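Subject: Structure handover, pocket and aromatic contacts

Hello,

Here is the structure for your work. Please open it alongside this note.

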Amino acid sequence: MAEVKASLFYGVIAAFLSSAVFAFVEDLDDTFKDTRVSDIWLVDFYAPWCGYCKKLEPVWYDVGAELKSSGSPVRVGKMDATAYSGMASEFGVRGYPTIKLLKGDLAYNYKGPRTKDDIVEFANRVAGPAVRALPSRQMFEHMLKRHDVLFVYVGGESPLKEKYSEVASELIVYTYFFSASEEALPESVTLPELPAVVVFKDGGFFTYDEYEDASLSSWVNKERFQGYLQIDGFTLYELGETGKLVAIAVIDEKDPTEESGRLKTLIQRVAKEYREHFNRDFQFGHMDGNDYINSLIMGEVTVPSVIILNTSNEQYFLPGERIETMEQLVQFINSVLNGSAQAYGGDGVIQRIKRVAFDARSTIMSVFRSSPLLGCFLFGLPLGVISLMCYGICTAESDDGADDIDALKREGLTDEEDEEEEERQRAAELEGPDEEDDGGEKDPEEKKTD
């Protein structure tokens, strides 16, 4: 009896906690458009049938609970985009799930990993001011330790500050933006002139030059990553938005070899020592394993090896010889930069056809690997039905063919011969199929006499 009471007690507690978590996420309807302006909203636009949406659902409730418990001003909601398609269309929803932070008249898309911590960090960053002040040196140094990449405007009021604020409002979905006075900078940092926009990363700092670096927005977009990264599929997708080529050491971290370590070290050294030469055009890093690269290029990359990807047109470059020294690696990168290296892949018509065929084959193979019975049912049943239909069409007997043959036989006969033929057929029908003709077939004249 005591065990029953305990189980009931825990069940009630679990139900209470579950309902409390659900209460942090509000179900939104078509009245949301008129009431949202006064608050900051983080909204999940979903479809009930979408598998990715169902996978996100428990994470989304955790996001709501986290933001509520931390005192964040962000309210969390979810909207069935299929039931309120008109409103979803107004917010630019094109796929499911779509996560947006709505702040006044602005809507910010979330494109990061669908984990609680990443989504919460995005909400807190975008919900705050586009440019945050660093009033003291202690605060400045604290932020340097906290962020791998730190953008700072240094100086007073100026047209550059106004431009910086515009860029911050646009790109705050990716990174933080700060402002500080010259007195707040660490003693080791000296700037040749003010005002200035500076990025702190990779153990140093680099200043924006409007004459060499083009637009401030483009410069920030390219500098928002560290010079050397561990790259995965999602990071590679984000790097595609910078317009940079990506130089990758493909290695196996589960089974590290001397060759893997050497290539990784070479890539790191080039990223640091040749920053002035390659930073505007290349991003450097390493990737664990070749599965993602193989699917991307529809081929086989050996491990370890070096590959350069152009994510804008799906081209890739492979060294013509084994890279053993940094000079060889620099030469290979320069050949890609000046256009003398052999390019593979691309986004032409033939490559697109190959991509469709490759993706279809990969999908079928993945289904059969995960569930052979399901694969047989999904692909075997339609093929079986189609085969039966084709067999039925090919073997079907039709009387129309016999009629057509008789019609062809009658072509070219005179009217009298045609009448005689018809009388002969009527006589044959009267005799019946089972009667034997002892005297042989009578000609039409004899039949008339009888």
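Which residues lie nearest the centre of the largest pocket? They are E121, R125, Y174, F225 and E238, out of 27 lining residues.

Before the rest, two notes on conventions. This is a predicted model: local features need pLDDT of at least 70, side-chain atom pairs count only at pLDDT 80 or more, and totals for chains, interfaces and linings use all residues. Residues are numbered from 1 along each chain as its sequence is written, and side-chain values use heavy atoms, with hydrogens and water left out.

**Pocket**

The largest pocket holds about 860 Å³ of space. A pocket here is an open set of points on a 1 Å grid over the protein atoms alone, where a 1.4 Å probe fits, with protein on both sides within 12 Å along at least five of seven lines; lining residues have an atom within 4 Å of a point. Points are joined across faces, edges and corners, and the volume is the space filled by probe spheres set on them.

Two or more lining residues come from each of helix 5 (116-127) and helix 9 (233-239). Helix 5 gives the most, with five. Helices (H or I, at least four residues) and strands (E, at least two) are DSSP runs, numbered from the N terminus.

By class, the lining has ten nonpolar, six polar and eleven charged residues. Nonpolar is Ala, Val, Leu, Ile, Met, Phe, Trp, Tyr, Cys and Pro; charged is Asp, Glu, Lys and Arg; the others, Gly among them, are polar.

**Aromatic pairs**

The whole structure has 17 aromatic pairs. Rings of Phe, Tyr and Trp (its six-membered ring) pair if their centres lie within 6.5 Å; planes under 30 degrees apart are stacked, over 60 edge-to-face, the rest tilted.

F140 and F200 are edge-to-face, 5.4 Å centre to centre with 80° between the planes. F140 lies in helix 6 (residues 137-146) and F200 in strand 9 (residues 196-201), so the pair ties together parts 60 residues apart in sequence. Both F140 and F200 are buried (under 20% relative accessible area, 1.4 Å probe, protein chains only; exposed is over 50%, partly exposed in between).

Y208 and W219 form a tilted pair, 5.4 Å centre to centre with 50° between the planes. Y208 counts as buried at 14% relative accessibility, and W219 does at 5%. Y208 and W219 also belong to one aromatic cluster with F151, Y153, Y164 and F177.

**Charges over rings**

The charged end of R224 sits over the ring of Y174, 3.7 Å from its centre. R275 sits likewise over F206, at 3.5 Å. The test is NZ of Lys or CZ of Arg within 6 Å of the ring centre and within 35 degrees of the ring normal.

Best regards
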